Amino acid sequence: MNELLQQLTIEQKVDLLSGLHSWWTRGQEQPYVPQIMMTDGPCGLRKQSATADNINDSSIATCYPTACSLANSWDRDLAFSVGSAIGAEARAEQVSIVLGPGVNIKRNPLCGRNFEYYSEDPFLTGRLADKWIEGIQSQKVGACVKHFAVNSQETRRSTIDTLVDERALREIYLSAFEYITLNSKPCSIMAAYNKLNGVSCAQNKRLLTDILRGEWGYEGLVMSDWGAAYNIVECIRNGMDLEMPDGLGLSKKALLEAVKNGELDVSDIDRAVANVLKLVFARKKDITEKAVVDLAEQHLLAKETATECATLLKNNLNVLPLKPEQKVLVVGELAKNMRFQGAGSSHIHVSPTPNLLDTLRLNNIDVGYARGYDASTDEINSELIEQACNSAKDYDIIVFCGGLTDIYESEGYDREHLDMPLAQSHLISKLTKLGKKTVFVSFGGSPYIIPYVDEIDAILNMYLCGQGAGEATYELLYGIKNPCGKLSETWPKKLSSVPCYNFFNRKIRSSEHRESIFVGYRYYDTFDVPTLFDFGYGLSYTQFEYSDFTVNKNNVYNYTVSVKVKNIGSTSGKEVVQLYIANPRQDIIRAKRELKGFAKTDLLEPNEEQEIIFTLDKRSFAFYDVTKSDYVVPSGKYTLQIGGGLKQIKATKVITVSGETIPSMQADYPSYFEQNGDTFFIPEDEFVKLLGRPLIEDGEFHKGEFTLSNTLYDMRANRFIRFITNIVIKQTIKSMGMSKHNPAVKMAISGTLETPLINATAMSQGVFKRKFCQALVYIANGKFFKGIGHLLSKEK
Ligand code: BGC
């Protein structure tokens, strides 16, 4: 590789550092450098042709459960199988890298992309995604772990400055990335759009060079998220290797100039080029042979996986499973137009698969159906409600299918509230008053408030479980399969209970992660905040008994933990065994307990028993001590808790671990130890102390301060720019030929408004010329005539 590097001219080198069009790397004829193709990920393949102009326009592929759903399986082997199946499809399509998995931590259920992420817990996220990567890389297809790092929101995702203290950064937001890079060793990592503590992720030396390569020893390639290389010179200098997509010659020019001026060292270019060469040669070699996949078999895996991911959240008087002889009315458009995936870059173009109603009928189950609501709108439809209620009179059980509809969740924007569509909640209020048994089958990529939850008899939560949704729902409802998923995230009771409620999407310029490590159950559990459903929760059609919980010490921090789990019910089933460790010190900022081990049993027949074994190490007890820049274990008595959920602990054992003496943190940070009233509130001074840097002054951007790093959204106070923006948006909608209620349209609009102008040229494939963007900056700064002059000038 070194030899090849030396043969390349500087022009050839910089050429290799940007993509070609949307999905390819650039190659060279002489000396030969191959090109490879990458596609999205992560719940299937989204392979687009070079001319595809719509995000949903891609080749047919299998859609597996999205990450939010897969995570509820708590099944590492299953994650491997799904990764491997996607790898096989990629290979058959000659795709070298799949852009996934997404391992960002779910900070707030409102984040539009939560369905693409695994969990609020980094341990669960890291262990599952790691296996997914092993699976895909077992097919000799590369993974690209994204979005590095702390991409916690979609609103203004390209410009927001994410402020996170070092503890939360290490323990919550980086730890899954760390585990993955050290274990499955993904061939690439994608640097996120946002800034992290003041510096854009793709040009963040601390993140890409010091931590990723320096501390974790990562040897793969770092590419930018699409359009996230805002300043290519800074990116290459600080550790990014490949800009995606095409830099349209602008990046090449900037890099050549920087080298010429001595602003950028050739050794930085060489490092990046060496990483590109290593990647493309390895990946090209690996996909040369022709591979085929059997899509029918892939579908079967998608369906089987979906059955493993569902969570049974309520089952009063064992309403479920249903019996074929019961008279069932299925209500809800989502039973027919099933929602099984999210919108944006992970959207898979699937071939038609049977919906729930089709599946029931194919299996000779005679049910009634009423549409109940129109999924394309939130508006209450009294006629549909009345029809559903009238039909229900002739049936014993109502199976309501509903949840979040398409427009609610997508890449590119966040939800604004936790409620489900009004049309549905109104319908539920009526259905639950009919005196019938009601089963709620829930679809959606994130928690929401289920109204009238006390009046509903059973809740089967399917999340967004891929193209097998119809068949999987049928098998679970009728007990052909026993639900065995557990929630990988907390379902809050109300929005104001979410720990970052006061700090999420509240500011224009920054996102203060003031809640620090108190994300998800680490907050609800520690401060006894009531939830709708807890982390780790899920019921089954059978019951399990735990026995022989033993803990053996091997050396100072190394323990072997074992427990026996027996199926004591009358149906076969699987149990997710969870091991939590309760922290001994109440005066250090730390969650009451944390997940430190999990495993899923085999399918246990009634009376069958299985022993589950875990090993613990230093990290199982440690927290990240910023004063030592390392993980340390506080001495004390740790309680090991084992069971089928955070709140379903079946056995405990206390062990004494001798570690280090850690001073109390309570006097310095009192607010991190109390939760007063409705919401979690951390005052500025305590957060600033924890963060170790000043906050960013917020407010609208003003005339005089605009640069190409700003967005049209930032400049919206200017009338002329608003006028131009409206034209662009109208044109975008028109060219997409879709309704403005389509999430792809909403995402395109937010993309238009929120892309920094410096990258608008590349992201619009050259439609927004750099000259035009620069003219807008002049205009926004109050120099209208200079802007117009610039636009009319000959300069390119
Ligand atoms: C998304 C990435 C995706 C890329 C390519 C970006 O907008 O953030 O997750 O892989 O587009 O589609």
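Trainee: Which hand does the crossing of α13 and α14 have?
Mentor: The crossing of α13 and α14 is right-handed. Keep in mind that this is a predicted model.
Trainee: Where are those two helices, and at what angle do they cross?
Mentor: Helix α13 covers residues 382-392 and helix α14 covers residues 422-431. Their axes come within 10 Å and cross at roughly 30°.
Trainee: Why call α13 and α14 roughly parallel?
Mentor: Because of that angle, α13 counts as roughly parallel to α14. The cut-off for roughly parallel is under 35 degrees.
Trainee: New topic, the ligand. Which residues come nearest?
Mentor: There are 14 residues around the ligand. Asp-40, Arg-113, His-147, Tyr-193 and Asp-225 come nearest.
Trainee: And how does that shell divide into nonpolar, polar and charged?
Mentor: The shell has 5 nonpolar, 2 polar and 7 charged residues.
Trainee: How far is the polar side-chain atom of Tyr-193 from an oxygen atom of the ligand?
Mentor: That Tyr-193 atom sits 2.8 Å from a ligand oxygen. For Lys-146, a polar side-chain atom is 2.9 Å from an oxygen atom of the ligand. Arg-157 has a side-chain N or O atom 3.5 Å from a ligand oxygen.
Trainee: How much of the ligand does the protein bury?
Mentor: The protein buries 94% of the 310 Å² that the ligand exposes when taken alone.
Trainee: Now the backbone. What kind of peptide bond joins Gly-41 and Pro-42?
Mentor: A cis one, with omega about -20°. Pro-42 is in the loop between β3 (38-40) and α3 (67-70).
Trainee: What about Gly-100 and Pro-101?
Mentor: A cis peptide bond joins Gly-100 and Pro-101 too, with omega about 5°. Look for Pro-101 in the loop between β4 (97-99) and α5 (122-138).
Trainee: Last one. Is phi of Asn-318 positive or negative?
Mentor: Positive, near 45°, and Asn-318 is not a glycine. You'll find Asn-318 in the loop between β12 (311-315) and β13 (328-331).

Conventions:
Residues are numbered from 1 along each chain as its sequence is written. This is a predicted model: local features need pLDDT of at least 70, side-chain atom pairs count only at pLDDT 80 or more; totals for chains, interfaces and linings use all residues. Side-chain values use heavy atoms; hydrogens and water are left out. A residue is near a molecule or strand if one of its heavy atoms lies within 4 Å of it. A polar contact is a pair of N or O atoms within 3.5 Å; within protein, one must be able to donate a hydrogen and the other to accept it, and residues adjacent in sequence count only if both atoms are side-chain atoms. Accessible areas come from the Shrake-Rupley method with a 1.4 Å probe; for residues, only the protein chains shown count as cover. Ala, Val, Leu, Ile, Met, Phe, Trp, Tyr, Cys and Pro count as nonpolar, Asp, Glu, Lys and Arg as charged, and the others, Gly among them, as polar. Axes are lines fitted to C-alpha atoms, for helices over the stretch in contact, and angles run from 0 to 180 degrees between N-to-C directions. Helices (H or I, at least four residues) and strands (E, at least two) are DSSP runs, numbered from the N terminus. Angles under 35 degrees count as roughly parallel, over 145 as roughly antiparallel, 65 to 115 as roughly perpendicular and the rest as oblique. A crossing is left-handed if the near helix is turned anticlockwise from the far one by less than a right angle, and right-handed if clockwise.
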